Amino acid sequence: CMSAQNETEIPDVLSDARIHLHITGFGLDKLKIPFNQGSELKTLNLTANHILAIPKETFMNVTKLKTLILSNNRIISLPDTLLQPLLQLEYLDLSGNYLTILDENLINLNRQLNTWLLHSNKLTKVTTSTMYPIRSLSNLTLYENPWMCFCNNSFQQWMTKNIKVLDNPEDIRCNGSGIPVMQANETCYKE
């Protein structure tokens with residue numbers, strides 16, 4: 001674990017042999033491109049920093065990464081190819097950020113992903129094509145986002161078909177009305 005004050009970048013002095021890297025509450029606001037903190041890196045935890053954006057080349061040298069935790073930062077959006085080098089990624093935590101949209105290509109090659117935490121963001125909608133590539137998914141959190149609800153919502157249909165992977169589906173609610181997204185068609189309103 002690293003904990004230091006007044007640092008805004010990860011120092012380049014970390015060993016290539018490091019397998020788990022936890023830099024939490026560090027005040028980090030940017031990552032060096034590409035991220036060169038070990039080709040054997042399996043876990044990267046950057047929780048509770050000040051990261052706003054992550055360039056698309058960031059993870060191209062850490063292809064063995066299985067766990068990526070970027071929770072409680074200030075991330076607004078992610079490049080569509082950011083996760084493509086991470087073919088072994090199993091656990092992705094993007095909770096507690098300011099994400100408003102997820103590109104449909106963000107995880108299209110990540111066939112190993114089984115846990116994806118997206119709760120407590122600013123997401124209003126997600127296309128079903130963003131979710132379909134994840135056949136291995138067993139845990140998905142979507143609650144505490146301001147979801148837009150409207151009639152014949154394909155995202156709602158996707159949720160119904162995949163309810164077994166959703167954590168607390170009753171807490172995934174429509175913005176404004178507070179109605180659970182799963183029940184939106186019963187009392188839906190047009191966009």
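**The whole chain**

Begin with the entire chain in cartoon view, bearing in mind that this is a predicted model. The secondary structure comes to 2 helices and 7 strands, and, read from the N terminus, the elements follow one another as β-β-β-β-β-α-β-α-β. Of the 191 residues in the protein, 45% are buried. Among contacts with a separation of 6 or more, 47% are made by residues 24 or more positions apart.

Then move to strand 4 (residues 91–93) and strand 5 (residues 115–117), which run parallel and are joined by 3 bridges. To place one of these pairings in the view, select Y91 together with T115, its bridge partner in strand 5.

**The largest nonpolar core**

Now show side chains and select L68, W116 and L140. Among the 49 residues in the largest nonpolar core, these three touch the most other members. Helix 2 (residues 154–161) gives the most to this core, contributing 3 residues. As background to this view, nonpolar side chains in soluble globular proteins tend to be buried together.

Keep L140 selected and display its surroundings. Apart from its neighbours within four places in sequence, L140 is in contact with W116, L118, M131, W158, V165, L166 and D167.

**F59, in a loop**

From there, go to F59, which has its place in the loop between strand 2 (43–45) and strand 3 (67–69). Is F59 buried or exposed? Its relative accessible area is 0%, so F59 counts as buried, the cut-off for that class being under 20%. Selecting what lies around F59 brings up L31, L44, I54, L68, L82, P85 and L86, once residues up to four places away in sequence are left out.

**The salt bridges**

Finish with the charged side chains, where the structure holds 2 salt bridges. In general, side chains of opposite charge can pair when their charged atoms come close.

Select E40 and K64 first, whose side chains meet in a salt bridge at 3.0 Å, N to O. E40 lies in the loop between strand 1 and strand 2, and K64 in the loop between strand 2 and strand 3, so the pair ties together parts that are 24 residues apart in sequence. E40 counts as partly exposed at 34% relative accessibility, and K64 is likewise partly exposed, at 29%.

Then select K66 and E90, which meet through their side chains in a salt bridge at 3.5 Å, N to O. This pair links distant parts of the chain, with K66 in the loop between strand 2 and strand 3 and E90 in the loop between strand 3 and strand 4, 24 residues apart. K66 is partly exposed, with a relative accessible area of 28%, and E90 is partly exposed, with 29%.

Definitions and conventions: Residues are numbered from 1 along each chain as its sequence is written. This is a predicted model: local features need pLDDT of at least 70, side-chain atom pairs count only at pLDDT 80 or more; totals for chains, interfaces and linings use all residues. Side-chain values use heavy atoms; hydrogens and water are left out. A nonpolar core is a set of buried Ala, Val, Leu, Ile, Met, Phe, Trp, Tyr and Cys residues joined through side-chain atoms within 4.5 Å. Buried means under 20% relative accessible area, exposed over 50%, partly exposed in between (1.4 Å probe, protein chains only). Helices (H or I, at least four residues) and strands (E, at least two) are DSSP runs, numbered from the N terminus. Contact means heavy atoms within 4.5 Å. Two strands pair if DSSP finds at least two bridges between them. A salt bridge is a side-chain nitrogen of Lys or Arg within 4 Å of a carboxyl oxygen of Asp or Glu.
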